[in-house]
Amino acid sequence: MNALSVRGLTKTYKNGVQALKGVDLEVERGDFFALLGPNGAGKTTLIGIVTSLVNKSGGEASVFGYDIDRDLEAAKACIGVVPQEINFNMFETPHTIVVNQAGFYGIARSVARQRAEKYLKQLQLWDKRDKMSRGLSGGMKRRLMIARALMHEPRLLILDEPTAGVDIEIRRSMWEFVREINARGTTIILTTHYLEEAETLCRNIAIIDDGRIVERDRMSSLLRRLHTETFVLNLRNSLSAAPKLDGYISMLVDDHTLEVEVSKDQNLNDIFSRLTTLGIEVLSMRNKVNRLEEIFMRLVEGRGAAGETRAPARPELRGAEVAVAPAVRRHGGQTT
Amino acid sequence: MSSVAQQALVPPINLGVVRWIGFQTIVIREYSRIIRIWGQTIVPSAVTAILYFVIFGSLIGRRIGAMGGFEYLQYIAPGLIMMAVITNSYSNVVSSFFGAKFGKHVEEMLVSPLPSWVIVAGYAAGGVVRGLLVGFSVTVVSLVFTHLHVHHVVVIVAAVLLTSITFALGGFLNAVFAKNFDQVSWIPTFVLTPLTYLGGVFYSVTLLPGWAQTLSYANPILHMVNAFRFGFLGVSDVNLGVAFALMIAAALVLFTTAVVLMERGTGIRE
């Protein structure tokens, strides 16, 4: 039994834009699933069709076995959705919003009030329960939408960019929260621009681009496909030129920072040993970019390079997590 | 069964319970909204009614004399109540549903298992609630200025409910098609108000020349106001059977249209 099954899903908007070009996707029950793709790739359209906010042009979809064409009400009862944009009534209080949402799913008000207390407390909104929602901070508004989506205790929770614009501390507490929700058996589908988030949380992943699924794999399998990683080394003493490291691509970023690209068949011990021989002391080291991001960029940009007309992926990525320079990363190094 | 629909392991939900609680929730939400902004929803119609009674009762009414065999204030009181019911039922739904579209919180209902007809019925019921609340407040105002005889209570209740439902559904349709706040006010300003003023609220159509009488009978509000007036005074310019048939037909047609538009996603789904 899959939480979500999609076959040949297509969507063409009135303006002629083909947002989905035959999407096939299965998400297993209990999974924590990442759906990634650049803006305009079709993620939100796909979610919109499953949640009936967008009319599909063709194809089929079912949620826990309920076909959205024949058993739409039953299918929707299984889903909780946290949309990308804030979509609650700003003139209502958080308590009213979540209690009413439960009512739309047939939850009696007495039960809804108990759940409202539970979820508003868990998401640290209880003390704001009677304030006008428009006065909440951005992070609180995001958390309110999560609380609202959980009120009917859905079997499938769809999080469409749940941490966009949320500071890192709150984002990490939200990660912990959704992990617990998943551990209790709720299937979660996550779309995010923060690739670190997907890599940290999700077990399976699909990458959608230009209306098609271009990759579908276990997260661990996908990451294993990454052949090279770039490490940034902070050096104690200044250098005027990159040291000679045979077999490695390295580049001196500034006089105290060295970047070294390491392939799967090479190892860091060898690099440290050579640097030690050259009298170069390394103070600290970090991955230059997130590994999933590396794969994402290759998949998405690879398709662009293959001659397909599409918007570039880079401008749509945001945040420090994705602040990368693929050209430098791949080719800008000095071969020694 | 489609290729993706497997045998559902999840126990089916009780759709009857979901629909009933969902309907109640929409009505409660609408009621809360009406009460929360009572200064915009309840008070204006009562104040307007006071002005009408003062002007037409104390100042002009005495010079007009009797109408339809009744003191002028007594004659216009049912019409004024009905006018408030019509405008408030309509404006409640058009502003609330358009606001939900504009603020995107209509999505809260669209992603839920509530079918379109429950959403339409819930909003219509919200409009009826406001229409009745305002109608009651105008009735209270009327009692300060004149006395209201009840000729037939069933006719009064049926006429006010059907009228309120009809205009609440009209407001819903307006909200479905409206793309901005200007379009929310077009119909009330340029259609509803003229039809109401020309719908026999302040006069009997028997005073009009023949062609104007014939034209007036095409105005549905004339039938609604007169049916309601009959419930109080026992006099009417229209046939009661025709009036009720018209109201029932209008409510059914508008309800069906609203549900079909919701199913299609007109104005709310891409």
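Let's start in chain B, with two helices lying side by side: α4 (residues 72–102) and α6 (residues 116–145) pack with their axes 7 Å apart, at an angle of about 150°. Angles over 145 degrees count as roughly antiparallel, and therefore α4(B) and α6(B) are roughly antiparallel to each other. Their crossing is right-handed. As for what lines this contact, its residues split into 14 nonpolar, 10 polar and one charged. Keep in mind, here and below, that you're looking at a predicted model.

Helix α4(B) has another partner. Its axis and that of helix α10 (residues 220–233) of chain B come within 9 Å and cross at roughly 130°. That angle makes α4(B) oblique to α10(B). This crossing, too, is right-handed. If you'd like to find the spot on screen, look on the α4(B) side for B:P78, B:G79, B:M82 and B:I86. They meet a set of residues in α10(B), including B:I221, B:M224, B:F228 and B:F232. Sorted by class, the contact of α4(B) with α10(B) has nine nonpolar residues, one polar and one charged.

Now step back and take in chain B as a whole. Its secondary structure amounts to 11 helices and two strands. Walk along the sequence and you pass through α-α-α-β-β-α-α-α-α-α-α-α-α. The C-alpha trace of chain B spans about 75 × 35 × 35 Å along its principal axes. A compact globule with 270 residues would have a radius of gyration near 18 Å, and the 21 Å of chain B agrees with that.

Chain B also touches chain A. Where do the two meet? On one side there are 34 residues of chain B, in contact with 38 residues of chain A. Helices α1 (15–36) and α5 (107–110) of chain B each supply at least two residues of the side that touches chain A. The helix α1(B) gives the most to that side, with eight residues. By class, the side of chain B that touches chain A divides into 17 nonpolar, 11 polar and six charged residues.

Finally, how far does the predictor trust chain A? The mean pLDDT of chain A is 85, with 88% of its residues at 70 or more. Confidence in chain A is highest in helix α3 (residues 94–104), at a mean of 97, and lowest in strand β15 (residues 334–335), at 30. Over residues 306–336 of chain A the pLDDT is below 50, and this stretch has 49 contacts in the model beyond near neighbours in sequence.

Technical notes
Residues numbered from 1 in each chain as written. Chains lettered and ligands numbered in written order. Predicted model: local features only at pLDDT ≥ 70, side-chain atom pairs only at ≥ 80, totals over all residues. pLDDT = per-residue confidence, 0-100. Helix = DSSP H or I, 4+ residues; strand = E, 2+ residues; numbered from the N terminus. Contact = placed C-beta atoms within 7 Å. Axes fitted to C-alpha atoms, helices over the stretch in contact; angles between N-to-C directions. Parallel < 35°, antiparallel > 145°, perpendicular 65-115°, else oblique. Left-handed = near helix turned anticlockwise from the far one by under 90°. Nonpolar A, V, L, I, M, F, W, Y, C, P; charged D, E, K, R; others polar. Rg over C-alpha atoms; globule rule 2.2 N^0.38 Å.
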